[in-house]
Structure formats: C-alpha cells, structure tokens
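Have a look at the model first, then read on.

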Amino acid sequence: MKILVVGSGGREHAIVRKLKDSPQVEAVYCAPGNGGISRDAECFPVNAMDKEGMLALAKEKAVDLVFVAPDDPLAAGMVDFIEAAGIPCFGPNAAAAQIEASKVFSKNLMKKYHIPTAGYEVFSDPAQALEYIKAQGTYPAVIKADGLALGKGVVIAQNEEEAKAALHSIMEDKIFGESGAQVVVEEFLTGPEVSVLAFTDGKTLCPMVSSMDHKRAYDGDKGPNTGGMGTISPNPFYTEEVAKRCMEEIFQPTVEAMNAEGRPFKGCLYFGLMLTKDGPKVIEYNSRFGDPETQVVLPRLKTDFAQIVEAVAHERLGELSIQWSDQASACVVMASGGYPGSYPKGLEIHGLDAGGQASGVTVYHAGTKCEDGKFLTNGGRVLGVTALGDTLEEALNRAYAGVEKISFEGAMYRKDIGRTHRN
C-alpha cells in the first residue's frame, strides 16, 4: 500500500511512524508534514486544507488511501472530496465530523439519545448567556465556543466577572472567528478525566487503550489551557468495570446515534470523558486521533496499523482482532517559551540525531522544520518525547531522561506529567 497522511503535527508523526512499520506499506507520504516527519516520509508542501491540491497529490503518487488526520479538513469535507474521486480515506465525512465541529450538534445528539453528559443550554446572545449563568449562581461555569478552536475554545469561569469576559471575547471580539457565534454553557463536572480513542467503521467499534492528557501549561495543573502538555497510557482511573460501562452507555450508543441521524462515522472517534460520582459522562467528542494522546496510544498497538486503517476504510473492522501491549507509555511535550501565547520560531534544537531522534526514546516532532541539516522550532508545541516501560514509573523516567538530552532556547515542559499517579 501507498498511503498519504494529511497534517503536520506530533499526532501525524506518530501515525506516519506506525504506518511505516507495517510490512504491507510500500510508501508513506505526508502533506505538509514537518522537519521530523520528513525523516520518516516524503513530504509535500500542500496545505492541509487544500482539497484540490491534496487530491492532485494523491493521484500523482497513485496512493491506495488518504489518512486525513486533523479536525479542520475533516469538517471542511476533505474525505467527501477525495472519496468522490474514487480514493478511499481514513476519517469521517463532513456530516459525521460535525460531532466535533459543532458543540451544539454533539450536545443535542447526546440529549436526544440519552448519552450521559453535563447539563447545558445553547446561546447566540452573550447577554442572555450571562443572565443564565447568573441565574444558575453556581461556579465554576463552563463556556464553550460552538465550533473548532484549536482545542482552546473552552473557558472555565470561576465567577461572574470571568464569565462576562469570556462571553465578550468569544462572542463579541470573535477571538475564534465564527466558531464563537454560538456558545454552550454547561455545568462543571468533577472527577478524573479519561481519553479513549476508538476505531470504528460505522458498524463495529473497537476502543483503543486509555490515556490521560495534561491540558494546563504549568505544573500542578496551573496556567492557561493548551493543546496538551503530555500524556500517559493507560489511564490509572479507567478500570475494566468503567470500560464496560462506557461501552454500554456511551461508545456503542454514540455510533448507533450517528447511524440513526444518517451520519455514519468512519475513522477514529475520540471520547473525552469525566468519571463523575454519577458515572462516566462525555465532556467532548473529537472526530479524529487526539494530540498528544496518539503519541502514547499507537506505540502500544501490536496489530498491524495499516491493516486496521484499511479495514475501517472498507468497513471490514469486524473481521479483525486488535491486540495491545501491556506496557505503559508516557509522552512529555517540549514547547516554545511563551506557549500558548506568542512565542519565537526558528530556534535551533540541540540533542537530536540526523533522524530527529534521541537515544532511549521516540521523539515525535510537532512544530519543527529542517534547514541546512538542522532542526529548528516552528510552532508552540515543538516535540513529544515518548517512552514505553513495564510500569508507568519506568516509562516516565525514560521520557524525562530523553527530555534532558534535548534543548532549545526558552524550552518549557511540565515536570509533573503522570506524577500524581506514579508508584
């Protein structure tokens, strides 16, 4: 098989490396890719949103499958466009990708099909939203932009002032553009968070091993929300009992709900869950592999990844038995100083070999470029330093040992990924 992966981040690097391992795969291409991905796949400067350009590249390289990894091109219908030209894709069509692209759609879907989630109301007027929050009188209040916002469209307001400021910036200043035309205001849930990715071809659903993301920028879960500063797998709170309940109350019902709505979902369906005292509830759905969850989940996959991807695309997932390693996995994200605010680019990264790797770990490149044989920073999240171990402690120690070998000016990373769950 020849496969084209769409995207340019750490998630895409993890996907590329796993596909490359498959004896069934002859070539992996990536567009636009990044500095590290260019060491594992042939990269092409086609923008991830350029449907026509991506189709032309897929035809030129005579690929057997296009793997559309990021949320924006999925929501914009890249799968529809490429499949209409007769090339199979991994990823949902635009109708199914609405499960992530619109918070309003996903919350209404859960309400209609009795899938457990936080109570909520939808608003298109900031004054009405604020009145509702004041009338509820309970804080924190969760305010979510309806559309895609790079994983940053959620504000947890601790008081009325913060709620007012959040509604103003999302709905009036439009910091997320039209994604903020509507907001969902929902109750604040408490409990451990769990990320579960699942392969589904619209009929069969196969959950992957669980993971835990660390969203806040600084140690102790302090600071602004980010796209994710590190991950561990498995999630220590996700027991077999919880997994069984999630399958019965959330995972399978979601696939059936999407089918009932005439929007069958094919690809990777991501469940962001909160384990509350009343049981597991959905915080959010994503219509694709999570980042940086992919970086700890895929290294534990024992079954041929390309075989699974092909089975999903051709609706034959039920024929496979997917196997996972018992090892633990940890990923520590090294980010640019200033992230998730403004940050410099073009700083040289030291400690990587010619393949963009460091000994004892796997380095997934997120925001890098390669110039004159040097790796330079080119984004907020720069690298995901990942390791496996027989225990979580061992995996974390190996990942942090890898981080110690790598440096660039102003590099920041959390020192406590998985720490509260060690030993």
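Over the ring of which residue does the charged end of Lys 415 sit? It is the ring of Tyr 413, with the charged end 4.4 Å from the ring centre; a charge sits over a ring if NZ of Lys or CZ of Arg is within 6 Å of the ring centre and within 35 degrees of the ring normal. This is a predicted model, where local features need pLDDT of at least 70, side-chain atom pairs count only at pLDDT 80 or more, and totals for chains, interfaces and linings use all residues. Residues are numbered from 1 along each chain as its sequence is written, and side-chain values use heavy atoms, leaving out hydrogens and water.

**Aromatic pairs**
- Rings of Phe, Tyr and Trp (its six-membered ring) pair if their centres lie within 6.5 Å, with planes under 30 degrees apart counted as stacked, over 60 as edge-to-face and the rest as tilted.
- By this rule there are 13 aromatic pairs.
- Phe 199 and Phe 289 have ring centres 6.1 Å apart and planes at 70°, so they pair edge-to-face.
- The rings of Tyr 400 and Tyr 413 are tilted, because their planes are at 50°, with centres 6.3 Å apart.
- Both Tyr 400 and Tyr 413 are buried as well.

**Clusters and contacts**
- One aromatic cluster is formed by Phe 67, Phe 90, Phe 199, Phe 289 and Phe 305.
- Beyond neighbours within four places in sequence, Phe 305 has contacts (heavy atoms within 4.5 Å) with residues including Ile 15, Lys 18 and Leu 298.

Definitions and conventions:
Buried means under 20% relative accessible area, exposed over 50%, partly exposed in between (1.4 Å probe, protein chains only).
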